[in-house]
Amino acid sequence: MTTDRILPAIGMRLLSVVIFALMNTAIKLAERHGASVSEILFFRQFGACLLVSGVIVAGPGLPSIATKRLPAHIVRAVVGLSAMAFTFNGIVALPLAEATTIGFTVPVFATILGALILREPTGWHRWAAVATGFAGVLIVAQPGGEHFPLWGAGCALAGAFGTASVSILLRQIGKTESALTTVFWFSALSLIPLSVLYARAAQSHDLVAWICLASVGIFGGLAQIAMTTSLRLGPVSVVVPMDYSSLLWATLLGWLVFDTLPAEATWVGAPIIVASGLYIVWREHVRRREDTDRVIA
C-alpha cells in the first residue's frame, strides 16, 4: 500500500469519525425534542439507504447489488440492527463522551468472538489486553455508583458486543461481497422491520426534531460511505486507530451542545480502554504480517 493511498484512507476515516459524532449529537437532540428511538432508527437507515443507493447508481450500477448470499445479509441485518438499537439507547441515556468510551470495547469483544467462533489464534498478549479493556470499563461505569445510569452503560456494552459480532460476520461476507453491496442490503433489509415500528411510533414533532431526524439519516449515510471508503484505501491496522479520535469530538460536542464534561472516572478509564484496543489492533497487524511472511517463505 503506497503512501498516497494511506493518507487519503486516514483522512476518510477521520472524516467518518467527525460525521458519526455529529450523528450521535443529532440522536440525543432528536430524543430530547420528543422523538423515540424507533423513529431515530428508521430515519438513520432510511437516509443511509437513499445515499448508498445514489452512490451505487452513480457508480457501479444497480446490477452490482445482485447477491447469492441473501441469508447471510439477513443475519447481518438482524445482528446489525440489534446492535444499532442498543447503541442508540446508550447514546440517549449516557453523556456523549461516556457512550463513546464504552463503544471502544468493540476490539475487545471482537477478539473474544474471533477466538471462540473463528478459532483464531489468540495469545496471552491479546487476552491480557481484553482483561485490561474490561478493567477500564469498570472504572468508567463504576458499578454501584450514581454518576450515570447503569442501564445506559449496559446498552452501550451490548451495542459494542453486537458491533463486534457484525465485524465477525463481515469477515465472512466480505470474501464474496463488495462493501457497497453489503451496506445496501443492510440498509434495505433493516427498513422492513423498522417501517413496521415507525408506523406504530410515528408522531408529530416540531421543526427542530424533524431537522434532527433528517440529520441522523444524512450523517449516518455519509459516515458509512466515508468509513467504507477508508477501508478500501488503506489497511485495517492503519485506519481503525483513527476511530479513537471520536472521544475528542464527543467531549467537545457534549460540552458545547449539552453543557456536560466527562466524569473524573472517564478520564481514568478511557485511556485504559483505548490502550487495550490499540494493542489488540497492533497484535492483529503483527499476526497477519507473520502469516504473510510464512506464506512467502
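Colleague: Which residues touch the most other members of the largest nonpolar core?

Modeller: Ile27, Ile40 and Phe88 do, out of the 52 residues in that core. A nonpolar core is a set of buried Ala, Val, Leu, Ile, Met, Phe, Trp, Tyr and Cys residues joined through side-chain atoms within 4.5 Å. Keep in mind that this is a predicted model, where local features need pLDDT of at least 70, side-chain atom pairs count only at pLDDT 80 or more, and totals for chains, interfaces and linings use all residues. Residues are numbered from 1 along each chain as its sequence is written, and side-chain values use heavy atoms, leaving out hydrogens and water.

Colleague: Why is Ala135 called partly exposed?

Modeller: Its relative accessibility is 35%. Buried means under 20% relative accessible area, exposed over 50%, and partly exposed in between (1.4 Å probe, protein chains only), so Ala135 counts as partly exposed.

Colleague: How do you know that the span of helix α3 agrees with what it should be?

Modeller: Helices (H or I, at least four residues) are DSSP runs, numbered from the N terminus. The expected span is 1.5 Å times one less than the number of residues. For the 24 residues of α3 (residues 70–93) that gives 34 Å, and the end C-alpha atoms are 34 Å apart, so the two agree.

Colleague: What angle do α3 and helix α8 pack at?

Modeller: About 65°, with their axes 9 Å apart. Axes are lines fitted to C-alpha atoms, for helices over the stretch in contact (heavy atoms within 4.5 Å), and angles run from 0 to 180 degrees between N-to-C directions.

Colleague: And what makes α3 roughly perpendicular to α8?

Modeller: Under 35 degrees is roughly parallel, over 145 roughly antiparallel, 65 to 115 roughly perpendicular and the rest oblique. The angle is about 65°, so α3 counts as roughly perpendicular to α8.

How values were computed
Helix = DSSP H or I, 4+ residues; strand = E, 2+ residues; numbered from the N terminus.
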